[in-house]
Amino acid sequence: MRPRPVDRYPATTPLVSSDGFSAESRVIHAGTDRAPGSAVTPPLVPTSIFVSADEPGPPDAYGRSSNPTWAALEEALGTLEDARAVTFASGMAAALALSLSLTEDRARIMLPRIVLPVDGYYNTQILAQRLRPFGAETVLVDLLDLEQVERELRRTPCLLWAETPSNPLLRVADLAALGQLAAVADAPMVVDNTVATGFLQKPLELGATASVYSLTKSAAGHSDLLLGAVVSRDEQLLGRVRQWRSLGGAIPGTFEAWLALRGLKTLPLRVKAQSESALAVARHLETHPRVRTVHYPGLTPATLELARRQMPVGFGPLLSFELDGSKSHAEAVVRASRLVLPTTSFGGVESSWERRARWPSESAPESLIRLSVGIEPVSDLLADIEASLSTAR
Ligand SMILES: *Cc1c(COP(=O)(O)O)cnc(C)c1O
């Protein structure tokens with residue numbers, strides 16, 4: 001009898017080790033059963049229940065606890081960081097489950113503090129602040145100011161929530177240095193690795209307890225789904241995060257998980273191409289008379305050496321620039337493009353941009369345009385950006 005998909009893809013996949021092959025190869029083959037007759041594509045298993053009698057599981061009998069399609073995606077995500085992944089309905093759902101898992105642990109000692117970057121993703125700040133009634137106090141810091149971080153971490157117990165490169169200012173924080181400060185303070189460090197992805201940057205190697213992702217962005221890469229993930233080597237933490245997923249119910253859709261696995265196979269190719277083009281675009285913008293400042297990890301002199309060390313393969317698809325002009329000038333530029341799409345989000349195959357401060361809770365400068373570089377030929381992008389900047393005045 002052929003094994004049922006549930007047996008072939010257990011809820012907790014084996015911890016993938018460095019078995020001699022590169023992450024690029026492993027992410028392509030992860031989740032695929034090599035037994036003769038097996039489907040090469042991990043099956044999409046849309047079901048709410050699994051046939052079971054007596055003791056349920058493992059795996060669980062109910063679809064809020066496990067699904068073979070999630071398991072295949074989680075195996076692939078885990079290969080990028082030699083760890084295990086737990087996937088969620090969105091990046092924010094992953095961030096919530098991780099915050100709850102880490103603060104409930106800390107709260108046994110006393111009220112926890114969440115130390116997080118003042119220039120990080122604005123919804124993460126709002127989420128942390130909304131945890132106040134549950135005992136978590138939020139402290140905003142500049143992650144590039146190590147003395148300030150050290151000072152704030154001294155009041156234990158803390159949770160250090162890092163984000164680098166940050167969204168949308170693309171500032172690069174020193175993860176190894178932050179990891180050391182966190183270790184001294186006995187504070188777990190979390191890294192929002194959405195912008196770099198697990199291919200370009202390895203937070204777990206630099207002292208992080210967990211990486212957290214919006215897979216909605218570069219990881220899935222095709223602007224067709226929302227998903228998130230927590231990646232860690234700490235089995236106890238992963239267990240707690242999984243419990244929050246089952247209890248909170250923010251589970252990934254099976255179709256989304258299946259699409260994300262497909263997208264992930266080309267992540268290395270995509271981000272390498274996007275990083276090369278983004279650097280070329282950033283350099284072009286740097287000398288443009290209408291541009292005041294360009295923010296890109298591959299350009300900023302103060303953190304260039306650090307960025308090269310921390311992201312040796314590329315600096316990622318995302319950059320931002322401040323126009324030498326007003327809010328309406330920036331809006332006009334965004335509207336004028338014929339190729340770069342005016343929209344939010346980033347990391348898709350299509351290039352896109354937006355005036356970031358149009359979001360009410362975003363603290364970005366008024367004339368800042370955040371640009372996500374896709375996989376179109378860079379000459380087309382440069383032509384479109386140049387035309388947009390020269391027509392929209
Ligand atoms: C988009 C984003 C999130 C939230 O992810 P969703 O999938 O939209 O819930 C979290 N962190 C960063 C850095 C992001 O860009």
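View 1. Residue numbers start from 1 along each chain as its sequence is written. Because this is a predicted model, local features need pLDDT of at least 70 and side-chain atom pairs count only at pLDDT 80 or more, while totals for chains, interfaces and linings use all residues; side-chain values use heavy atoms, with hydrogens and water left out.

View 2. A polar contact here is a pair of N or O atoms within 3.5 Å. The side chain of Asp192 puts an N or O atom 2.7 Å from a ligand nitrogen. For Thr216, a side-chain N or O atom sits 2.7 Å from an oxygen of the ligand. On its own the ligand has 380 Å² of accessible area, and the protein covers 92% of that (Shrake-Rupley method, 1.4 Å probe).

View 3. Side chains of opposite charge can pair when their charged atoms come close. A salt bridge means a side-chain nitrogen of Lys or Arg within 4 Å of a carboxyl oxygen of Asp or Glu, and the count comes to 19. One of them joins Glu137 to Arg113, with the closest N and O atoms 3.6 Å apart. Glu137 is in strand 3 and Arg113 in strand 2, 24 residues apart (strands are DSSP E runs of at least two residues, helices H or I runs of at least four, numbered from the N terminus). Glu137 also meets Arg155 in a salt bridge, again at 3.6 Å from N to O. Arg155 lies in the loop between helix 6 and strand 4, so this pair ties together parts that are 18 residues apart in sequence. How exposed are Glu137 and Arg113? Glu137 is partly exposed at 29% relative accessible area, whereas Arg113 is buried at 6% (buried is under 20%, exposed over 50%, partly exposed in between).

**View 4. Arg370 and Glu354.** Arg370 in strand 12 and Glu354 in strand 11 are 16 residues apart, and their salt bridge has its closest N and O atoms at 3.3 Å. Arg370 is buried at 3% relative accessibility, and Glu354 is buried at 1%. Both belong to a salt-bridge network that also includes Arg356, Arg358 and Glu362.

Definitions and conventions. Polar contact = N/O pair within 3.5 Å; in protein donor to acceptor, adjacent residues only side chain to side chain. Buried < 20%, exposed > 50% of the residue type's maximum accessible area, 1.4 Å probe, protein only.
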